[in-house]
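Biologist: I would like to learn how to read the features of a model like this one, taking each general idea before its particular case. Could we begin once the structure is in view?

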Amino acid sequence: MTHRNALLAIHFGALMFGLSGIFGKLATSTPLIIALGRAGFAVAALIVAGQLLRSTRARASLRQRVGLLLGGLLLGAHWLTFFLAVKVAGVGIATLGFASFPAFTVLLEGMLFRERTRPVEFGMVALVCLGLLLVTPQFDLASQSTLGLVYGILSGFLFAVLSLLNRAVTRGVDPVQAALWQNGTVLLCFLPFSWSSLPAVPAMDWLWLALLGVLCTGLAHSLFVASLKVLKARTTAVIFALEPVYGIAFAWWLFDEQPTARMLVGGALIILASVITSRLKTATETTAVSPLGKAP
């Protein structure tokens, strides 16, 4: 893959991740069914990707497999809360709530890995908090926008924990195989609670679920993995910070979810903090943590 093709691939991957909320909004099924369907189609897509992107990495150890199973539980909870946010408050607020995950990553990294958190990183956390304050005009859980933002923030927190878990247990493991383990766990955990509802899923929903699993998970993740072989981690991190931009733009176009000026300013602050935080982290790292199963 050339450098130019790698850039195109990573932009397309970010676009696909950004469309997760769009397809979740288009599907009329419950968040549980959406997460189940996404996992099912993702497993099929990742099996194919695993055959195309053959790896010589060692198989996961028992400890790593246990970690991947736990990661699957976190991934499922992350998806559930994100799609709840989409249903309650719309794609824009849900995506911006999720975009707070770099702030959680900074704080949790310092506590769990005992890494020194620099003042500038605390500044980025404050920037995210300010952005979230601006995204919703009132803090009342009876308000749909506030409740949706809370779900979105919880989704971001769960994804931050998932990312740090992946950092701890997936070293040396093929990223596609790790994603397959985690998506398979989501599928197996959610199936007993929703299999009886599957016959009632509308035909069009199966299309949106297939696009979620194949494009927004399997293909997007595979493109990310392939592009990392050519691009620097800091480059991919900055490009993936555009994910909320894609999501909000398409929601505005398709659903007329017109963001207010206050929401745009808050979103800009969150995205800016995400870009700066990613560059600060990748500037001192030689490898990036792969966003396994990233929903948004």
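Biologist: How many salt bridges does a search of the whole structure find?

Modeller: A salt bridge is called when a side-chain nitrogen of Lys or Arg lies within 4 Å of a carboxyl oxygen of Asp or Glu, and searching the whole structure gives one. It joins the side chains of Lys25 and Glu257, at 3.2 Å from N to O. Lys25 belongs to helix H2 (residues 20-26) and Glu257 to the loop between helix H12 (243-255) and helix H13 (261-282), so the pair ties together parts that are 232 residues apart in sequence. Please keep in mind that this is a predicted model, in which local features need pLDDT of at least 70 and side-chain atom pairs count only at pLDDT 80 or more, while totals for chains, interfaces and linings use all residues. Residues are numbered from 1 along each chain as its sequence is written, and side-chain values use heavy atoms, with hydrogens and water left out.

Biologist: Over the face of which residue does Lys25 lie?

Modeller: A charge sits over a ring if NZ of Lys or CZ of Arg is within 6 Å of the ring centre and within 35 degrees of the ring normal. Here Lys25 lies over the face of Phe255, 5.5 Å from the ring centre.

Biologist: Is Gly18 buried or exposed?

Modeller: Buried means under 20% relative accessible area, exposed over 50%, and partly exposed in between, with a 1.4 Å probe and protein chains only. Gly18, in helix H1 (residues 3-18), counts as buried at 5% relative accessibility, whereas Lys25 at 33% is partly exposed. In the protein chain, buried residues make up 54% of the 296 residues. In helix H5 (residues 91-98), eight of the eight residues are buried, so this helix is largely enclosed by the rest of the structure.

Biologist: Which residues is Gly18 in contact with, leaving aside its neighbours within four places in sequence?

Modeller: Contact means heavy atoms within 4.5 Å, and on that criterion Gly18 touches Glu243 and Gly247. The C-alpha atoms of Gly18 and Pro244 are separated by 6.0 Å, although these residues are 226 apart along the chain. Across the protein chain, among contacts between residues at least 6 apart in sequence, 90% join residues at least 24 apart.

Biologist: How many aromatic pairs does a search of the whole structure find?

Modeller: Rings of Phe, Tyr and Trp (its six-membered ring) pair if their centres lie within 6.5 Å, with planes under 30 degrees apart counted as stacked, over 60 as edge-to-face and the rest as tilted. The search finds nine such pairs. In one of them, the rings of Phe101 and Phe159 have centres 4.9 Å apart and planes at 90°, so the pair is edge-to-face. Phe101 is in helix H6 and Phe159 in helix H8 (residues 144-169), so that pair links distant parts of the chain, 58 residues apart. Both residues are buried, and together with Phe82, Phe83 and Phe98 they form one aromatic cluster.

Biologist: What is the place of Met111, and is Met111 buried or exposed?

Modeller: Met111 lies in helix H6 and is exposed, with a relative accessible area of 58%.

Methods: Helices (H or I, at least four residues) and strands (E, at least two) are DSSP runs, numbered from the N terminus.
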